[in-house]
Amino acid sequence: MSTEPKAAFERELPRTTAVVSTWNKREDLRENLRSLLAQTLPFESIVVVDNASTDGTAEMVKRDFPTVRLIEMPHPDFGACETFNLGFAAVGGVIVVLAGFGWGLEPADDPEAHHGHAAHDDHDHSNGQSN
């Protein structure tokens, strides 16, 4: 694909934001954010809602991913739906992608064939926390 049609294609795409809800999953989140940031067609923004993790998750996001917007919850008693809803309320993109754990997004070789923004909900809904 030449540069000009690709640029026009990218201008026509809706803005997208990835929202990740997490609780004590620092290393999984690190890999998830690397995957999200490596997309051929980048997200307009990435929002992480940390449900008061005690494993250094928030500190890792601040230190290693300064372009990611971090929302820190005051205690871990919020359920997954509540934290995702707070993330949704904080975004500016037209399309919101739920970014879960246990999967990654590979950059698309051909952006016209595959926009590459999958959604997956990987939560243990019995206790409201992210897996």
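Author: Let's start with Leu33: beyond its neighbours within four places in sequence, Leu33 is in contact (heavy atoms within 4.5 Å) with Ile46, Val48, Val61, Phe65 and Val68. Please keep in mind that this is a predicted model, in which local features need pLDDT of at least 70 and side-chain atom pairs count only at pLDDT 80 or more, while totals for chains, interfaces and linings use all residues. Residues are numbered from 1 along each chain as its sequence is written, and side-chain values use heavy atoms, with hydrogens and water left out.

Leu33 is also among the residues with the most contacts inside the largest nonpolar core, together with Leu29, Leu36, Ile46 and Val68. That core has 13 residues. A nonpolar core here is a set of buried Ala, Val, Leu, Ile, Met, Phe, Trp, Tyr and Cys residues joined through side-chain atoms within 4.5 Å; buried means under 20% relative accessible area, exposed over 50%, and partly exposed in between, with a 1.4 Å probe and protein chains only. Two or more residues each come from β1, α2 (26-37), β2 and α3 (57-64), and α2 gives the largest share, 3 residues. These elements are DSSP runs numbered from the N terminus: helices are H or I with at least four residues, strands E with at least two. Another core, of 8 residues, lies apart from this one and includes Val19, Val49, Ile71 and Phe78.

Now for the sheet. Its 4 strands form an open, parallel arrangement in the order β3-β2-β1-β4, where two strands pair if DSSP finds at least two bridges between them. Because β3 (69-72) and β4 (95-98) stand at the edges with a single partner strand each, one side of each has no neighbour in the sheet. Val48, one of the contacts of Leu33, has Leu70 in β3 as its bridge partner. The parallel pairing of β2 (residues 45-50) with β3 runs over 4 bridges.

Over in β1 you will find Ala18, which counts as buried because its relative accessibility is 0%. Leaving aside neighbours within four places in sequence, Ala18 is in contact with Leu36, Phe43, Ser45, Ile46, Val47 and Val97. Ala18 and Ser45 are 27 residues apart in sequence, yet their C-alpha atoms are 6.6 Å apart in space.

So which residues of α4 are buried? They are Ala80, Thr83, Phe84 and Gly87, whereas Cys81 and Ala89, on the other side of α4, are exposed.
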